[in-house]
Amino acid sequence: MPHRALPLAQKIYTGFLSYIHTFNTLTRLAPVYFKNRDWASMQLNHRQRLRLYKDLLFQLVREFSDMLDSDAAEREIWFKIREEYQKLITNRDDIELAETFFNSIIRKAFPGMSADPELMYLMEGYNECAIYENSQLVNSYPGSLGLEKIIRTILSDYEFGAPFMDKEADVAFLVNSVKDVILTRYQPGPETITEILKSVFYRNKAAYLIGRTYVGNKWMPFIIPILHGPKGIFVDTLIFDPHMMSTLFSFTRSYFMVEAQIPSQIVGFLSSVIPHKKTHELYNAIGFNKHGKTLFYRDFLLHLQQSTDQFVVAPGIKGMVMTVFTLPSLNVVFKLIKDHFEPPKSMTRQEVRDKYKLVSLHDRVGRMADTHEFEFFRIPIKRVHPDLLKELRNTVNSLLEIRDTELIIKHLYTERKMEPLNLYLEKCTTEEGKFVVEDYGRSILQLAQANIFPGDMMTKNFGLTRQKRVIFYDYDEIEFLTDMNFRIKPKPENYAQIYSPEPWYDIAKNDVFPEDFKRWMIGRSDLRDHFITYHQDLFDPNHWSKIQHKIKQGELIHAFPYPEEIRFRPFEKV
């Protein structure tokens, strides 16, 4: 048995090395595309990196299964494989990723494998993100240099491969921002120092410098977005607001392309800058979403141990495609594709899964929630409320299995819990409602600019984050915007047409009549007129067609992950 385990362990390890090498190779292309303003290649490269893990995994599992043959479900050999694998990864700086890779292999190669603490790295794995002393992680700038000298040195230290549009103006903008926000409250001393991660974070058309300054006996984090416009590189703004910084790393945004020689070190630094983010969210943000999933599951298991409440049906209007439940004490919802869909839904379960995959590979522009996909998800049956179990039996029975004291769910998605927009609008004040419906319309238009047409845009399919940001989370009807046909609704010309119970004109499957949106988007009388006036473009077919045209011409419309009013040059294009 041991003589078989070693080559199998080496096979997994070789696959892991291939994954890390290719991941890093794709990541290192980001600054090249930024330098060349090659936004189409930047997007394609991002999707290739997202697909990398599964593409490599499936190929490796096929080869691995051939090597194991009939022993694929033999626990004893897996014990030996893990034992040999552990020897291979013990001294690696990215050991936590190597553990997750092993988990992925065994989940696919071992028939019917659920989370198994004896064979997998579930709770006892490496999870250390402390920052090493004297590491090569950051560039440091002592306060003794003086503010302007520090700013100039920072802009010289980071090479973006293109000339600055107006470096002197950038220096002045940054100096004035620091004076306004920091030096009006804190006085620098001999202990003052500024640290910036050497690794630059790239996403879409922007590069970001992530740093912190020790002043006033505490660390003050900041982010400097750099854009590359037709006239050259320029600093777009300086972000100190912790909420804006958190939004940059939101679960609603695409992952960053950032070199991470020791990923745990990058995450450790980010944790000091954005302390409200969980470790699994930060691993997601730098592209290691599979390990983020592992850490999410560990958090879930710990939460189960520390809580006693029961899983219940999620509040809100029940969906026609998904059954959704939650644990009240946990900030997560669990979504299962129903066995049968109510009319007018006519899609298949696989088509729904394809929609979720589309979202996982697409630029979410801060308006679509990230998900983790699980198979054979285990929940203690005693924690499932009887009403929820009844609902599950009625809607997703084919996905359920009960083993001893556990409910096994064969397939589900996890997603951040948000307050359904329709429920919020039932109880909020007029002023609160105006703010939210403005963002509701804004979210739809920003999705359109990313070539996403939500399909079903009713408020029940949108939720609110803690910052009251509107997020779309129902993906079963999304389409590419470029596949839709936006039309002006024909005007009736005679009595028969006016009183026809059915549309008297031809309607293709992809036809959309934006003027009809007014009838159902917002029902509250004190909000409806404000919404329609504020978002007149939503109801104009020509506006939608213009966005389509830009996308078809190859234009990548940049979605700013911070308010445009804080930009140094609000009218500068990228």
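**Close-up views of a predicted model**

**View 1. Helix 3 has a bend.** Helix 3 (residues 39-68) bends by about 40 degrees at Arg-51. The bend at a residue is the angle between axes fitted to the seven residues ending there and the seven starting there. Helices (H or I, at least four residues) and strands (E, at least two) are DSSP runs, numbered from the N terminus. Helix 3 has 30 residues. From first C-alpha to last, helix 3 reaches 44 Å, close to the 44 Å expected at 1.5 Å a residue. The expected span of a helix is 1.5 Å times one less than its number of residues. Asp-69 follows helix 3, and its phi is positive, near 55 degrees.

This is a predicted model, where local features need pLDDT of at least 70, side-chain atom pairs count only at pLDDT 80 or more, and totals for chains, interfaces and linings use all residues. Residues are numbered from 1 along each chain as its sequence is written, and side-chain values use heavy atoms, with hydrogens and water left out.

View 2. Which residues are buried in helix 4? They are Ile-77, Trp-78, Ile-81, Arg-82, Glu-84, Tyr-85 and Ile-89. Buried means under 20% relative accessible area, exposed over 50%, and partly exposed in between (1.4 Å probe, protein chains only).

**View 3. The largest nonpolar core has 96 residues.** A nonpolar core is a set of buried Ala, Val, Leu, Ile, Met, Phe, Trp, Tyr and Cys residues joined through side-chain atoms within 4.5 Å. Trp-78, Ile-81, Tyr-85, Phe-201 and Phe-249 touch the most other members. Helix 1 (residues 2-27) gives the largest share of this core, 10 residues. A second, separate core of 53 residues includes Tyr-424, Phe-453, Ile-478 and Phe-539.

**View 4. His-362 sits in a loop.** The loop runs between helix 12 (349-361) and strand 10 (371-374). Is His-362 buried or exposed? His-362 counts as buried, because its relative accessibility is 13%. Leaving aside neighbours within four places in sequence, His-362 is in contact with Ser-254, Ala-450, Ile-452 and Phe-480. Contact means heavy atoms within 4.5 Å.

**View 5. Asp-157 lies in helix 6 (residues 147-157).** Asp-157 counts as partly exposed, at 41% relative accessibility. Not counting residues up to four places away in sequence, Asp-157 touches Asn-139 and Tyr-141.

View 6. Two strands pair if DSSP finds at least two bridges between them. Strand 11 and strand 13 (residues 406-409) pair over four bridges. Ile-379 stands opposite Leu-407 in strand 13.

View 7. Strand 17 (residues 462-464) pairs with strand 18 over three bridges. Val-470 in strand 18 is the bridge partner of Leu-464.
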